[in-house]
Amino acid sequence: SPSTVDKKAGTTERFSSAGFILAAIGSSVGLGNMWKFTYVTGQNGGGAFFLLFIACLFIVGLPVLLGELAVGRAGRGDAVISFSKLSGKKWWGALGFVAVMAAFLVMTFYSTIAGWTLHYAVQSISGSLFESTDYQAVYDAFTASSAPIWWQIAIFVITGIVIAKGISSGIEKFNKIVIPGLLIILVIMLVRTLTLDGAAEGIRYFLYPDFSQLTFQSALEALGLAFFSLSLGMGAMLTYGAYVEKHQSLSAATLAVGAGDLAYALIAGLIIFPTTFTFGIAPNAGPGLVFVALPAAFAAMPFGNLFGGLFFILLAIAAITSCLALIEVPVAYLMRKYGHGRTKATVFVMIAMYVLALPVTLAAGGVLTDVTFAGRNLFDWLDFVTSNIMLPLGGLFVTILVGFVWKGAGEETGLKGWWLKAWLFSMRYIAPILIVLIFLKYAGII
Ligand code: PFF
């Protein structure tokens with residue numbers, strides 16, 4: 001495929017209006033909502049953490065999201081070129097490169113989990129998932145086997161095919177079906193989980209804030225999760241922003257993404273926690289939580305294997321729509337920097353990603369699980385460093401660029417009056433100060 005990047009004008013590819021909203025929601029709704037949100041909330045004690053997450057989403061996340069979209073559209077390119085173009089300084093490109101690296105690294109472990117969901121879909125439909133009721137043992141045996149490697153390769157292949165088809169025909173079409181479909185299945189599951197014996201206890205755990213559970217580590221994790229969940233700080237929304245038409249409202253898109261993301265997280269919590277309390281699963285079980293808890297819920301439903309299959313397939317596809325955004329970040333960078341066509345850039349990026357993705361998968365239950373450095377294995381390190389350090393850092397760069405360096409930000413967003421003032425205030429003061437404070441506290445400096 002020929003290059004779609006013009007030296008002066010930047011990228012010439014464009015989303016349709018609806019296509020952009022769907023793709024942005026598709027990027028934000030994914031494993032972050034079902035898998036990561038629930039296990040991190042479970043590890044941080046429930047309700048109080050959820051409140052903290054919502055606060056981070058609105059006070060820091062949505063303003064940064066709008067900032068990223070504005071930077072992308074005005075820069076008409078990947079994170080590196082847009083940062084240096086709008087700042088007027090070439091070295092800003094190096095800060096943008098942190099975001100490109102973050103996207104690259106997130107894909108390595110995200111694809112592991114996405115592969116797991118495909119396996120669970122097949123096992124659920126065939127019924128073999130329900131042969132034992134010890135779902136923890138099933139999970140341990142699966143993650144220790146070689147199967148996750150093959151499922152991860154499947155994710156890479158499917159994702160590669162969609163992304164090579166390009167912005168409008170590939171990414172848009174996919175999202176139109178999956179995002180609403182997933183919602184329907186979730187609501188059906190919700191009806192069942194809310195009528196389980198442990199529902200009241202689970203809901204209380206998830207929604208009643210017990211602030212004694214919170215630590216500063218929780219604050220860092222809530223912020224990191226908000227960034228992860230909204231796909232911020234790794235240039236993904238920025239890169240999508242480069243394909244948005246000038247007349248489209250960025251603030252409307254921001255609100256749609258925020259509402260969609262929160263809705264999916266809320267529903268996910270209302271499904272998972274009643275299930276964990278009903279079936280005696282510890283809510284702080286860690287990254288396996290969804291895979292250990294949900295089979296028990298499906299087993300307790302009529303046609304549970306079909307619902308389970310459908311749910312895990314839709315979750316896998318929701319994960320793929322997020323992978324698309326992740327891969328697009330380095331792909332856009334290569335297309336612009338080296339003039340490659342889309343196909344060539346995609347193939348190159350995916351091969352490079354896979355080289356790291358394989359050992360990451362082996363560290364998520366397989367032979368590299370116990371190979372740790374300072375208490376974390378490769379999988380845990382990537383999850384931790386990207387979410388809790390690189391993404392907030394990427395967000396910080398956006399707030400500085402938009403708040404202090406690039407003068408055209410307000411105009412690009414289309415905000416007026418008080419909204420504009422409030423947004424700029426968040427970008428200049430609230431968001432960066434909160435990010436820095438949490439970092440300093442976490443580093444033990446304050
Ligand atoms: N926001 C996605 C999720 O919550 O699953 C994760 C993600 C996708 C992050 C795409 C970044 C990204 F570019």
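Me: Before we look at helix packing, how are axes and angles defined here?
Reply: Axes are lines fitted to C-alpha atoms, for helices over the stretch in contact, and angles run from 0 to 180 degrees between N-to-C directions. Helices (H or I, at least four residues) and strands (E, at least two) are DSSP runs, numbered from the N terminus. This is a predicted model, where local features need pLDDT of at least 70, side-chain atom pairs count only at pLDDT 80 or more, and totals for chains, interfaces and linings use all residues. Residues are numbered from 1 along each chain as its sequence is written.

Me: Good. At what angle do α5 and α7 pack?
Reply: Helix α5 (residues 92-126) packs against helix α7 (residues 147-164) at about 105°, and their axes are 8 Å apart. The two are therefore roughly perpendicular (65 to 115 degrees).

Me: Which residues meet there?
Reply: On the α5 side they include Ser111, Trp116 and His119, and on the α7 side Trp151, Gln152 and Phe156 are among them. Contact here has C-beta atoms, placed from the backbone, within 7 Å.

Me: And how do the residues of that contact divide?
Reply: There are 9 nonpolar, 5 polar and no charged. Ala, Val, Leu, Ile, Met, Phe, Trp, Tyr, Cys and Pro count as nonpolar, Asp, Glu, Lys and Arg as charged, and the others, Gly among them, as polar.

Me: What about the scores?
Reply: The model has ipTM 0.98 and pTM 0.92.

Me: Last one: how many helices and strands?
Reply: The protein has 18 helices and 4 strands.

Conventions
Angles under 35 degrees count as roughly parallel, over 145 as roughly antiparallel, 65 to 115 as roughly perpendicular and the rest as oblique. Two residues are in contact if their C-beta atoms, placed from the backbone, lie within 7 Å.
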